Amino acid sequence: MSRTDSYRGRPPSRRRHRYAMTALLGGALALTPLLAAAQTTDESASASLAAREPAAQKPPTQKWKLLYSENFSKKLDPGKAPWVREAYDNPFDTVMDDNGKWFHNDYGDAWDEQLDSFATYRKEFPVGKDGWLTASLSARDWDKDGTIEKPPSITNGRAGKSTVAELNVPDHTGGAIFRPTESLPEQYRIEYKLKTLDFGGKRNGTIDYDNRVNGYSKDGCKTQHPWGEGSRSPGWEGDASAPYCEWQDVREGRYGYNGFHYLSIVDFADPAPRNNHFWHYRRKVLMDSFAQHPDRVGTGTGGRVCNAKTDEYYDYKDSSFNTVNMWISGLPNWAPGQGGLAGNSQWFMTSCSDGVAEQQLSSAAELQPELMPDEDYTFAIERDETGYTLEASGNFARAGQQTLRFHRDFVVDNKPIWHYNVKPDEYDGRYNNTLVQGKDLNGKAAWTDQWPKDSAYPDSFVIGDLYTNVYEGSASLTDIKLFVPKSEKK
């Protein structure tokens, strides 16, 4: 079931329970991942009936001390870092990294030729005291002549009265993110202020503004090429030999959407922009924007949005599309069907559900980009000894000034957050399994030990546009701060 269709006609609920009020006041809630693994991506969410668990006791309050802070008042220096061509000789994994086996097994030799039809270049440079931050960029050289036609950038700027870092991705095949240079400690709080955002959604009631459509330029074709949704997915013929323009359109149509990762935690060190499907198997918890085109919403609701002031849902189609999804990744579907993709389950948290995660596309709030940068939004994620806490605060549409804060233990009722363990002794191997790509049209494969005993998955945060076949626009941010427990020394 597509994310567009994941909510069908369920009446809005009004919730006045103490857990919902705790969320609004900055308390912590216990949330849940999936009850049974089901394949989901940004393009698909399982089950129109939400599975959920009762909220557990909130965890003890952690006291933090500031370790690093970056306000971008000092000049960023991307010029010293060269653009380096990606040789695909050091992949993060062999599943759905840019040259992953999954794509070849689905699409065949024609897909290999499509991947070889362009070149990818990368650039990284240190930022802040001790170089604790890394700016990571990815760009496409369409004709492989050594010149990047529309390079993305991360540069200094001002937004209102603040010095900021400006992220600019002029073509959807580029990427621009901030990440930690070193993996995060076992316990931490990472936060920052988002000053401006222009990665799709409506402005003054329309997605057609500034000669763009949903944040995308109107020039030429814009498709997911060469990392499509799968040969049997709708929106195209599924033939990898098709010309670029015949792949799934990201600007409009059934797969038309834009977006931005406000703040994500992924399960490996040194993340860099990659294709969107790769990330659906690599995230632990996240907050993101999912700005759907009306073609994608179609005759459905497009999901639902929580008004945290009244604890009532309203249809996504009635929003400005500038929403905030606060969610966790659960166990994956270990054996997706032919022409499908690997991906973790997705469970969304809002105050309308009393902070309990539900497998139903549900946004926790709606931003008001028109108010920015005079007003901004703060996003934060904490990891303590019990689990993760996601937090978003600011002046939200309909709800006004709110702090939305949800905690989920690492494991609830034997259901885990994906790859939550950052060290081996946090996990005993009980969720280990084999990821199986059955007989696809051009091959099959199996990846054993996807979560074995004695494993460890270091936390890294990601802020920005980490997809290199969808998402286009600009944003600015400041005051990225890393906190550690007060008892912990640097």
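Me: How much of the protein counts as buried in this predicted model?
Reply: Of its 490 residues, 63% count as buried.

Me: Why is Tyr427 called buried?
Reply: Its relative accessibility is 7%. Buried means under 20%, so Tyr427 counts as buried. Tyr431, at 8%, also counts as buried.

Me: How many aromatic pairs does a search of the whole structure find?
Reply: The search finds 34 aromatic pairs.

Me: What makes the pair of Tyr420 and Tyr427 stacked or edge-to-face?
Reply: The ring centres are 6.2 Å apart, and pairing asks for centres within 6.5 Å. The planes stand at 85 degrees; over 60 counts as edge-to-face, so this pair is edge-to-face.

Me: How do you know that the charged end of Lys202 sits over the ring of Phe321?
Reply: The charged end lies 4.5 Å from the ring centre, and the distance limit is within 6 Å. Arg398 lies over the face of Tyr314, at 3.5 Å from the ring centre.

Me: Why do strands E9 and E11 stand at the edges?
Reply: The open sheet has the order E9-E10-E11. E9 and E11 each have a single partner strand, so one side of each is left without a neighbour in the sheet.

Me: What makes E10 and E11 a pair?
Reply: A pair needs at least two bridges, and 2 bridges join E10 to E11, so these strands pair. In E11, Ser217 is the bridge partner of Arg212.

Note on methods:
Residues are numbered from 1 along each chain as its sequence is written. This is a predicted model: local features need pLDDT of at least 70, side-chain atom pairs count only at pLDDT 80 or more; totals for chains, interfaces and linings use all residues. Side-chain values use heavy atoms; hydrogens and water are left out. Buried means under 20% relative accessible area, exposed over 50%, partly exposed in between (1.4 Å probe, protein chains only). Helices (H or I, at least four residues) and strands (E, at least two) are DSSP runs, numbered from the N terminus. Rings of Phe, Tyr and Trp (its six-membered ring) pair if their centres lie within 6.5 Å; planes under 30 degrees apart count as stacked, over 60 as edge-to-face and the rest as tilted. A charge sits over a ring if NZ of Lys or CZ of Arg is within 6 Å of the ring centre and within 35 degrees of the ring normal.
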